[in-house]
Amino acid sequence: MVSKLGEMLVKAQLITDAQLEEVVKIQRREGGKLGSIVVRQGFCSDQDIVSFLGMQYGVPAADLEQWPPIEASVIALIPKDLAQRHKVLPLQRTGNVLTLAMSDPTDIFAMDDVRFHTGYNVDPVVSSEMGLVRAVEKYYGGASAVRLADGMGSRTAPGGNAGGGAAAGPTSTSATLHPFNEQDEQFDLSELEQELDADAEFDTTEDDEESINVGALKRGSEDAPVVKLVNMVLIDAIKRGASDIHIEPYEKNYRIRFRIDGILMEVMRPNLKLKDPLTSRVKILAKLNIAEKRLPQDGRIKLRVNMGGRQKVIDYRVSILPTLFGEKIVLRLLDSDKLMLDLTKLGFEQESLDRWDRQISKPYGMVLVTGPTGSGKTNTLYSSIAKLNTVDTNILTAEDPVEFNFPGINQVQMKEQIGLNFAAALRSFLRQDPNIILVGEIRDFETAEIAIKASLTGHLVLSTLHTNDAPSTINRLMNMGVEPFLVATSVNIICAQRLVRRLCASCKAVDTHHQPEEALREVGFTPEEIQRGITFYKPVGCEVCNKRGYKGRVGLYEVLEMSETLKDMILTGASAIELREQGQKEGMITLRRSGCRKVLDGVTTIEEIIRETVL
């Protein structure tokens, strides 16, 4: 297929049909851009091409040889290898707009890449390709091999944000991806080293489900720009410390967001034409049906990542949901390196940790962890069984899904489609001579009943529930249909938890803003604490925390240990409020008080604890 640029040059009488045919033959044989070959063959000058493209696309033409010296701060906005890869150069910044010299002003992939890295809107001007190569060498100090990971280095945006998200700091760590398989075979995704094809075009498929062209979807998903984009997103999510990737289609735009430290941040807006090829690429990696666009699908991507010479395996749990304007994709990152298995470092107050340790060390009974999705319940349970995992203990877990693998622990993946649910797994566990049983979640009466009976027959059972606080867990179990006497005799301890962002230790600063005493009392600080004086800290932002002011998260814990008084109250039908009051009398630290203690210690801010807890 003859290049559109070639046809336009012939139409403008800058080259002849014969010259175009010769140029196309060279391009097919040697590769490269058509405009560069035309100039190299001497068919027309570099400046002729630039002027023609400027008029054709309605953008200004820039002669880089005559351009005033570019400020170092502007050059620093784009990493060296990105400028080399796309043959682009930042010329100046005005407000939120970056003027970008390009050899091809229609290269939407290059512009998206620059927007993604800098957070600025791009205003393209056209320059000659050779002039750009010379200018890049002049300002960046010569050519070097291009690696994707280096290209995800410095991202600086107005106010420290990139596309609404936090900026990632400069890095020189190289990273490559390899699909992971159980035979431990490594297949190098060489697409990571390929340059984006500026001439590639994509066509979105029609919404008519009866006429889906599976072959076209596969071909589109395997094009270099799509492969490059997906790989770049997967790697960048790891480097930024994201827990989830959201890829969302809307009527007139397409966006990608990362959840970092519990907060969603927009990092990129790919061209809407990439919607179907990108979705198909993710489906292929997750081994899902690319032709099925009407039903939700769940899958898993397991990749081996080489970062700085160190190799690790990352799991991505993939969920695809059909929405009004296409399929929304959410990928949950499961990085074993980020799993904290030391209970003392999760954020427990010492009194709460002593109670927790005492109860999980008992030979039987039920231990419950409660909280919303994403509050760290799984981490707490994994930390607990890791402490209990000894050679003389038989530990069985029923999980949906199994997020991390532990040697010495027998983990079972639930498969609802074949009847393997929590209740069925629990029944089988009781015939496996267990000491400790972990149930991923108590969702219904059947699971609750079997778990309670197991806890009453000499087994320690750990599980989770979705409740707002520790005392309301008792009422939740009874609402499921469990008898009060079973709850009172089986439950040892309940831990409710939340996660709040931790202030960056490198840049946090004392907040000199005066807080009224009445407001502090309403937050939950005691009169004694207010009287002594409280030093509050605020987020600032630095390279360590990617300009966010926060780095990592810490847990807030509310631990309710079952006493004889509380058991009697359960038997007499006490409300959650009454159980809460009695728990506080017995020394229970509430979620809000746990947060206040973190503020007193300079770990987090008042805004964070108000966002996650109530009085």
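Me: Is asparagine 546 buried or exposed?

Reply: Asparagine 546 counts as buried, at 12% relative accessibility. Buried means under 20% relative accessible area, exposed over 50%, and partly exposed in between, with a 1.4 Å probe and protein chains only. Bear in mind that this is a predicted model: local features need pLDDT of at least 70, side-chain atom pairs count only at pLDDT 80 or more, and totals for chains, interfaces and linings use all residues. Residues are numbered from 1 along each chain as its sequence is written, and side-chain values use heavy atoms, with hydrogens and water left out.

Me: Where does asparagine 546 lie?

Reply: In the loop between strand S20 (537–538) and S21. Phi of asparagine 546 is near 60°, a positive value in a residue other than glycine. Helices (H or I, at least four residues) and strands (E, at least two) are DSSP runs, numbered from the N terminus.

Me: What about aspartate 261, what is its phi?

Reply: Near 55°, again positive and in a residue other than glycine. Aspartate 261 sits in the loop between strand S8 (254–260) and strand S9 (263–268). At 12% relative accessibility, aspartate 261 counts as buried.

Me: Switching to the helices. At what angle do H21 and H22 cross?

Reply: Roughly 170°. The axes of H21 (residues 564–571) and H22 (residues 576–585) come within 10 Å. Axes here are lines fitted to C-alpha atoms, for helices over the stretch in contact, and angles run from 0 to 180 degrees between N-to-C directions. The two helices are therefore roughly antiparallel. Angles under 35 degrees count as roughly parallel, over 145 as roughly antiparallel, 65 to 115 as roughly perpendicular and the rest as oblique.

Me: Which residues make the contact?

Reply: From H21, Thr565, Leu566, Met569 and Ile570; from H22, Glu578, Leu579, Gln582 and Gly583. Contact means heavy atoms within 4.5 Å.

Me: And which residues of H22 are buried?

Reply: Leu579, Arg580, Gln582 and Gly583. They cover an arc of only 165° around the axis, so they are on the same side of H22. That arc is taken from the directions from the helix axis to the C-beta atoms.

Me: What covers them?

Reply: The cover includes helix H17 (472–479), strand S21 (550–561) and H21. The face of H22 turned away from the buried side carries the exposed residues Ile577 and Lys585. Just after H22, glycine 587 takes a positive phi of about 100°.

Me: Cysteines next. How many disulfides does the structure hold?

Reply: Zero, where a disulfide is a pair of cysteine sulfur atoms within 2.5 Å. Cysteine 507 is in no disulfide, and the nearest cysteine sulfur, that of cysteine 542, is 3.7 Å away. Cysteine 507 counts as buried at 12% relative accessibility. Cysteine 495 is buried as well, with a relative accessible area of 0%.

Me: Which peptide bond is cis around proline 401?

Reply: The one from aspartate 400 to proline 401, with omega near 0°. Proline 401 lies in the loop between strand S14 (395–399) and strand S15 (410–413).

Me: Last one. What is asparagine 410 in contact with?

Reply: Asn394, Ile395, Leu396 and Thr397, leaving aside neighbours within four places in sequence. The C-alpha atoms of asparagine 410 and threonine 397 are separated by 6.2 Å, and the two residues are 13 apart along the chain. Asparagine 410 lies in strand S15 and is partly exposed, with a relative accessible area of 39%.
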